[in-house]
Structure formats: structure tokens, C-alpha cells
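Could you walk me through this model in the viewer, one selection at a time? I would like to know what to pick next and what is there.

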Amino acid sequence: MTIENRGFEIRQLVTEADAAAAARVGSLAYTFTNQYSDGTLQHFFRWVTDKQSHEDKQVWGIFHSQLDNLDDDFMNAPVSVDAKTAGEAATLVAPTPGLIAHWIHRNFKINLFGTVRSLGGLAFVGVDMKHKKRGYAKVLVTQWLKDCFAKGQYLVALHPFRPDFYGNMGFGLSSPYYDYVISPSALPKDFVSVNGAKVKGEPSFNALKTLKPTHLEEMVECQNRYSSQIHGMIQRNALSISEQAFKSKGVTRVLGYRDNSGILRGYLLFTFETTTSGGLINDLKIADLVHETTEALYAFIKFLREQDDQIRYIKLTTQETDFFRLLNDPRSGPAAGEQSGIVGFGRETAKQSIALQYKVVNLEKLFSEYFADRDFNGVDDFKLWINAEDTFTPEMNPPVLLQFKKGRVSVLEVGGNHSDKADASMYLGIADFSALVVGAVSAKLLARYGKANVEPATKLNIVSRIFYSEDSPSNSVFF
Ligand SMILES: CC(C)(COP(=O)(O)OP(=O)(O)OC[C@H]1O[C@@H](n2cnc3c(N)ncnc32)[C@H](O)[C@@H]1OP(=O)(O)O)[C@@H](O)C(=O)NCCC(=O)NCCS
């Protein structure tokens, strides 16, 4: 792996010319958008300029310092942008020369263990096709990690295109996602309420109201209250909800549920998918389901059940490991008759996928600041030496000696070897440690799989208790 001698610079992409360069590079990295032709490139250009104006995002790039002898097409080919209004002339935007790679730094808020914390996010990673395999992605991720550190984002996340690529860089897998394909009739009819009463909920035409952009503020408040109940849920802001709910020219339908005081307690975003088997067979895809209360959840469930004449399956992706328990019939709709599992007596419920990875940016700050308020399950009078090997950015994650008192943690030593002062030592990779510290996996399991080693082995129970989480992280915000 070599970075050429001609040198490079890293800076934020702020101008239209920068956006044109990012569109040239990005459209060939994200070819599924089909926006790399001369005619469609302007859509990608507009997408980047839009992102440049968002407060919670910064678009960054790596540029060649010396431009001699570089390909004209890579450097100068202008992006032709149609006029926004009739009568206005089309414009040609010349890209800033020499852009090698780009990314977007996202600034999120996330609920982890009941407290809203900052989270750095990485998105829109792309390296110019002629510059791959020269270590620029390494430069990019390293720079972003340093920027996260400077912002106090001691925990970061990304959606990988390949989990092993980012696994090598120290990113550990969150809990899995599940794609459910549910027959409407498999949804429950009622829920247990006060004194065991079974509640069916009021008619959908009373309970559910169509939400519009004028309701955005209420939706943000509702989503943020909802995310504060769910470990691992990222908060949405108005822009994020607006992009998800209202930027599809009415294709996404938006229904809200208010309680008796008129407070929005949930919303459902969905689209229709017409199948290839005929126009009369439609599926309903849930884009988001936010529910602060059981009443809100069942108002949506009732509505979805009522669609069984028109809707074949309801599609939902969730990171909730126990979602199948909600269903009357937890079998997958299309695979209801199929058998699977041990000797074929299991029934398929959902398709499992992995889609989110976390990395601890700095072990010391993670414990001295980020999780300073976290209760590590009441563990008391215990010293733990953690050596979480980070081969990608070793300087950012030296080992730490921690002290736990009544569940609270403090950092006693950083770097060197202080295992002799500890009650136990834990050795593992930073990716697995990152998954452990967000509650996606237990220390016991990591030890059983040979991914972690706790010494002495008799202390494995207490080390596992320190990081035990009642809930695994659950997030539905894609970025
Ligand atoms: C995927 C993509 C970003 C990779 O970019 P790239 O510049 O070719 O990647 P790099 O050369 O920096 O490769 C990563 C390097 O990190 C280095 N690296 C990874 N983990 C490391 C570690 N723990 N220690 C040291 N080095 C490490 C490796 O040396 C690796 O290089 P290698 O392939 O020679 O082993 C690029 O191919 C691309 O833009 N693809 C299309 C768009 C896309 O898929 N984007 C989605 C990304 S989320």
C-alpha cells in the first residue's frame, strides 16, 4: 500500500465546485444510483450540495496536492446542471480538480443505557476508481476517527458495505437486524391493559390522522421521546424525519396517533410495493414505526390488520430480537409452510442481516467521560485491566486499568502494563470490545468463542456482569 509522493490534502467540501467533484467520484462509487451519466450526474451534484447545507453533516475530501499529469476527465469534466426555473440558463459547474476520496461526517445523538449521548457517524465513503487500493480509505477513516475524537464522539458507528473491511479497522457488529414478511392476519387483535382487560383500540378513522410537514416539530418530539426508551436508538431531527416522510412526493404515507391530551404518541411511515405477480397483489413496506405507548402501537397494528383484503404481506425490518413474540403467528408469511432448523422442525420467522458497526474511538475517554454516568450493574470494588487491541489506530486505544465502585467506573492507568494491579484482565480485539461495550454481545459468549480471554478465568462471571445489558441495541435510523 503506497500513498503517492505527490502528496495530498484533506479539507471540507463546501463549494459547488467541490460538490461537482464529489458527484464525479461518488457517482462511480455508488453506481446503484445510476447517476454517473452526463445527463443524470446533476442529480448526484444536487444531492451533495443539499448535504453541504445540513448542520448535522460535513462533507469531507482528500485532494492531490500536485495536479500535473492527472487525467482531464477526472480533473475538469464539468457537470451540466439544468436551470431550476423556466427561462433560466443551464449552468456548467467545473469540479475542483484532484479530488481522490470523500466522506460525510454525521453528528448523531443516541440513547445508550438510558442516556442521550453523542455518536459520530460515517457515510458516503468513496474513493475514485483510479485511486483504489492505495490506502486512501485508510487515510479517510483515520482522519474521521481523529475528527470524532476532537468532537467528543468517543463512540462511532457506520453501516458497512462489507463488515470484514471495517472489521479489520476495528469496527464491531451491533446486534442483527431482522426482515419480517408478515401476513396481516398474523398481527394480534388486542393487548393486555389495566386489571388484565383486553383492549382492542378505537376505529382507525378516529385514532389515526394523516401527518403533514406542519406536524414535523411534534414528530421530532415524539421520536426523541421514543428513542429515549430504546437502548441503541438514534434520535432524528426535523430534517431527518422530513427526508424520510415528506421528500418522496407523497409516495410515503404518514399516519400519526395522538393520546387523549392530543399529544402525538406515535407515527407510521409506509409505502406500497406492487408485486410482479399482478397489480392486485400489493405488499406494504413499513419505513418507520415509532410508538411511545402500547396504545399507539396497537392503533397501528389494528390499522395494518384491517388492510388484509388489499395487502398480502407487511414488510418490516427491525433490530428488536424478540419482535416475533408480538405476532399471533410468528411464521414468515411466504415461508409459512416451510420447515427449517434442527431436523427440519423449525419454522422460518425472519431473515437475519447485519447492518451496523460500532467502534470505540478512545478507551480512556470512553470510561472517564462518555460512560462516566453509566451504572455498570452495581459492580463494586473491582479493578479490571482491559487490553483491547486496535491494530488500525493503536495510538488511540492504549490499554486501561479501570476501577469499579458501586457500579461507577474511573480510569486509574492508561498504557503500559498494569495487569498486576487488577483483579482481572481482559484481552480482546477493539471490534469485539466495541460490540461488548454497547451491549450487543456478552463477555461470556466472546470468551466461549475464543474472541476474548479473561484471566483468571474464575473472574469471567463478574467481568461479564460489568458489561451485561438487559436489551441489545436497537436502531432504525439508516445513514
Ligand atoms: C471500498 C473503498 C472505499 C476502499 O477504498 P481503498 O482506498 O481502495 O481502500 P484502501 O486501499 O485504503 O484499503 C484499506 C486498507 O486499510 C488497511 N487496513 C485495514 N485495517 C487495517 C489495520 N487494522 N491495520 C493497518 N492497516 C489496515 C489495509 O492495508 C487496507 O489495504 P489493503 O487492501 O492493501 O490490505 C473503495 O473501494 C470504494 O470507494 N468503493 C466503492 C464505494 C463503496 O463501496 N463505498 C462504501 C464504503 S462504506
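Here, buried means under 20% relative accessible area, exposed over 50%, and partly exposed in between, with a 1.4 Å probe and protein chains only. This is a predicted model, in which local features need pLDDT of at least 70 and side-chain atom pairs count only at pLDDT 80 or more, while totals for chains, interfaces and linings use all residues. Residues are numbered from 1 along each chain as its sequence is written, and side-chain values use heavy atoms, with hydrogens and water left out.

Start with the aromatic rings: there are 26 aromatic pairs (rings of Phe, Tyr and Trp, its six-membered ring, with centres within 6.5 Å; planes under 30 degrees apart count as stacked, over 60 as edge-to-face, the rest as tilted). Select Phe108 and Phe479, a tilted pair at 4.7 Å centre to centre with 55° between the planes. Phe108 is buried at 6% relative accessible area, and Phe479 is buried at 11%.

Next, pick Phe149 and Tyr154: their ring centres are 5.6 Å apart and their planes at 65°, so the pair is edge-to-face. Phe149 is partly exposed at 32%, whereas Tyr154 is buried at 8%.

Finally, show Phe113, Phe367, Tyr370, Phe371, Phe376, Phe404, Phe433 and Phe467, which form one aromatic cluster.
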